[in-house]
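Thanks for coming. I will take one structure today and go from the whole chain down to a few places in it. Please look at the sequence and the model first.

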Amino acid sequence: MAQGAAATKETGRRSKAVAAKKQAILAAGLEFFSQFGIHGTSIEQVAESAEVSKTNLLYYYPSKEALYIAVLKQILDIWLAPLRAFREDLQPLVAIGEYIRLKLEVSRDYPQASRLFCLEMLQGAPLLKEELTGDLKALVDEKSAIIAGWVENGKLAAVDPHHLIFMLWATTQHYADFASQVEAVAGSNLNDEVFFRRTVENVQRMIIEGIRVR
């Protein structure tokens, strides 16, 4: 019994070590890919930054393309988490206001991820097309149906759900993708607590007032 418990504990320890190593590789990949793109990044650079051997890295991610796609999929998981929280039983304006806040938090906390995702989109998403037309589209269609239901029931102004979602993405992600421009013009960025709070309040006010039933 004791041997079984010890073996289980050892297996758990190894699983955590593997998870930590893979996360270090993904973090290093994000750092380099977001700065230099896939073509300007080498496996050797990522391995050195993650403090693993090239052989070890390739054990988990068999090619640079495989690592790049894994990084992009992790970004999608982070980026879409607030949208997954969108529920039909919520009050529409409250739900959309909360979505704006969560998306701005993601822009603040994961700016490299946002910029890499933007770079991939500008290149036509050659390595992420399947994800975009599969899971992403299914999720957006599901949440668009919720918004359409709110509009049909007179809880929101007559807006196209897809265009509303596009506007929410564009507005919130701007603060990460164009952070240098924002800081040059406004003299601050989302890492400043006061500026972050004012950004949330202003974006919420402008979008919510545009979709409020009158």
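Let me start with contacts, meaning heavy atoms within 4.5 Å. In the protein chain, 69% of the contacts with a separation of 6 or more are between residues 24 or more positions apart.

A word on what you are looking at. This is a predicted model, in which local features need pLDDT of at least 70 and side-chain atom pairs count only at pLDDT 80 or more, while totals for chains, interfaces and linings use all residues. Residues are numbered from 1 along each chain as its sequence is written, and side-chain values use heavy atoms, with hydrogens and water left out.

Now the overall picture. The C-alpha atoms fill a box of roughly 65 × 50 × 35 Å along the principal axes. Of the 214 residues, 37% count as buried, that is, under 20% relative accessible area with a 1.4 Å probe, protein chains only. The accessible surface is about 12200 Å², and carbon and sulfur atoms hold 55% of that; the area comes from the Shrake-Rupley method with a 1.4 Å probe.

Next, helix pairs. Two packed helices are described by the angle between their axes and the distance between the axes. Axes are lines fitted to C-alpha atoms over the stretch in contact, and angles run from 0 to 180 degrees between N-to-C directions.

How are helix 4 and helix 5 oriented to each other? Helix 4, residues 64-84, packs on helix 5, residues 92-109, at about 170° with the axes 9 Å apart. They are therefore roughly antiparallel, the term for angles over 145 degrees. Ile78, Trp79, Pro82 and Leu83 of helix 4 make the contact with Tyr99, Leu102, Lys103, Val106 and Ser107 of helix 5.

The second pair is helix 6, residues 111-122, and helix 8, residues 161-177, at about 110° and with axes 8 Å apart. That makes helix 6 roughly perpendicular to helix 8, a term covering 65 to 115 degrees. Here Pro111, Ser114, Arg115 and Cys118 of helix 6 meet Gln173, Ala176 and Asp177 of helix 8.

Last, one residue. Is Ser144 buried or exposed? Ser144, in helix 7, residues 129-152, counts as buried at 6% relative accessibility. Leaving aside residues up to four places away in sequence, Ser144 touches Pro161, His162 and Ile165.

Methods:
Buried < 20%, exposed > 50% of the residue type's maximum accessible area, 1.4 Å probe, protein only. Helix = DSSP H or I, 4+ residues; strand = E, 2+ residues; numbered from the N terminus. Parallel < 35°, antiparallel > 145°, perpendicular 65-115°, else oblique.
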